[in-house]
Amino acid sequence: MSLLTFFAISAAVFAQLGQVEIERPVVMTVRLGSEDTVSFRLSQRIVTDIDLRVRGAEYSVPFQCAGGLRDVHLETVELASEGERERADGSFAVFFDMGNERDRRFDTLPRVQLSFSRGRLTDMLVTTKTSDRSSFSSKLCSSLPVGPITCKDTRRLQGLAPDALVQQLRDLPTPLQATGSLTDAERRRRSIYEELLDWGASSVPSLMAGLKDPDIRLRRNVALAFSVLSGGLWLFECGAAKVDIRPALPALVAAFGDSDPDVRAWAAQAVGGIGANAADAVPSLTELLKNGDERSRNSACIALGQIGPAAKAALPALHAALADKSQNVRRFAARAIQRIEQ
């Protein structure tokens, strides 16, 4: 079905349905087409979850957000006049007008926008008018994007197993390129990371094996890959995403004893990416604070801060690190203490 046909059907459906009235807490489902729907689950007129089936893809979004639709008296929902927009890159957004007369500002109800890109829900915004000519938009959820993490439909991947992909990391330069246009090596790295991400948790055993390889080049690149894939900061083809690397925690902790400072530092940062679930690594990270290499101490501080209150046992060592000869270590130790004590 073409996009225009999709919207013609959607508009016709809503013309027949008009507004959907909500008298009590319910699951309210709005049909977008023959099969696609958006369901708002409510409790005490507050949205608690949103379930979507859009263009054949299914999404379930726990609504763990402050503000947002809590400020909307959800009594009516209707497809906005613009319905849906599609951009040149294939991303699109669906719009709803929600609320009741008390929410109406300058003759306009609050508008909710659900944005999608490459099979993922990437944004949820609520927009209210502040004057005849201006409006204010706020994000409803910080946990987005959600949805299938796959690039198979958006780029041509090699189709290799994780073992083969990990071996391709061997000859890549380290560290990562900082700025400027991407080199061929960085394009290759990006492609390998994309495909490891597509494999998800299935790529973790192959990466763990790479941490024990006798070739220092592979160990460096594997530790770096763990750091990237665990952090959710890399802008992948499918958006920011991360792999659950918790099964690799023992192997990463063992890598703190590697002879190479890069391996030690990136392994520690990968552990930090696990967050509070890496509490078992706190004693080893505390020991890493004593390492003679500044990068290792920096990364230990960063990781302990990311683990947060679960790293409380490391506070004495972090306070001692405030007197470190390195200004960077002192700075990272102070940040870690703040995050743990908060």
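Predicted model: local features only at pLDDT ≥ 70, side-chain atom pairs only at ≥ 80, totals over all residues.
**Entry 1: H9 and H11**

H9 and H11, the latter covering residues 327-341, pack with their axes 8 Å apart and at an angle of about 15°. Angles under 35 degrees count as roughly parallel, so H9 and H11 are roughly parallel to each other. I also looked up the handedness, and the crossing of H9 and H11 is left-handed.

Which residues make the contact? From H9 I listed Glu294, Arg297, Asn298, Cys301, Ile302, Leu304, Gly305 and Gln306. From H11 I listed Asn328, Val329, Phe332, Ala333, Ala336, Arg339 and Ile340.

**Entry 2: Arg331**

I stayed in helix H11, where Arg331 is found. Buried or exposed, or something in between? Arg331 has a relative accessible area of 35%, so I wrote it down as partly exposed. The side chain of Arg331 is joined to that of Asn328 by a polar contact of 2.7 Å. Asn328 was already on my list for the contact between H9 and H11.

I then checked a distance from Arg331 to Ile302. The two are 29 residues apart along the chain, and their C-alpha atoms are separated by 10.0 Å.

**Entry 3: Asp293**

Next I went to the loop between helix H8 (282-288) and helix H9 (294-307), where Asp293 is found. Its relative accessibility is 17%, and buried means under 20%, so Asp293 counts as buried.

What does Asp293 touch, leaving out residues up to four places away in sequence? I found Pro261 and Arg264.

**Entry 4: H5 and H7**

Pro261 sent me to helix H7, which covers residues 261-274. The axes of H5 and H7 come within 8 Å and cross at roughly 20°. That makes H5 roughly parallel to H7. H5 passes H7 in a left-handed crossing.

The H5 side of the contact is made by Ile216, Arg219, Arg220, Ala223, Leu224, Phe226, Ser227 and Ser230. The H7 side is made by Asp262, Val263, Trp266, Ala267, Gln269, Ala270 and Gly273.

**Entry 5: Asp213**

Where does its side chain make a polar contact? The partner is the side chain of Arg170, at 3.2 Å. Leaving out residues up to four places away in sequence, Asp213 touches Arg170, Leu218 and Arg219. Arg219 is also one of the H5 residues in the contact with H7.

**Entry 6: a cis peptide bond**

I looked up the peptide bond between Thr174 and Pro175. It is cis, with omega about 0°. Pro175 is found in the loop between helix H2 (162-168) and helix H3 (184-199).

**Entry 7: strand S7**

I moved on to strand S7, residues 92-99. How many of its residues are buried? The count is 8 of the 8, so S7 is largely enclosed by the rest of the structure. In a regular strand the side chains alternate between the two faces of the sheet. I therefore went through S7 one side at a time: Phe92, Val94, Phe96 and Met98 are on one side, and Ala93, Phe95, Asp97 and Gly99 are on the other. Both faces of S7 are covered, as these residues are all buried.

S7 pairs with strand S8 (residues 111-117) in the antiparallel sense, over 6 bridges. Within this pair, Phe92 stands opposite Phe116 in S8.

**Entry 8: the loop between S7 and S8**

Last, I checked two residues in the loop between S7 and S8. One is Phe106, and another is Asp107. Phe106 has a positive phi of about 55°, although it is not a glycine. Asp107 has a positive phi too, near 65°, and is also a residue other than glycine.

Are they buried or exposed? Phe106 is partly exposed, with a relative accessible area of 42%. Asp107 has a relative accessible area of 65% and is exposed.

Technical notes
Residues numbered from 1 in each chain as written. Heavy atoms only, no water. Buried < 20%, exposed > 50% of the residue type's maximum accessible area, 1.4 Å probe, protein only. Helix = DSSP H or I, 4+ residues; strand = E, 2+ residues; numbered from the N terminus. Pairing = 2+ DSSP bridges. Polar contact = N/O pair within 3.5 Å; in protein donor to acceptor, adjacent residues only side chain to side chain. Contact = heavy atoms within 4.5 Å. Axes fitted to C-alpha atoms, helices over the stretch in contact; angles between N-to-C directions. Parallel < 35°, antiparallel > 145°, perpendicular 65-115°, else oblique. Left-handed = near helix turned anticlockwise from the far one by under 90°.
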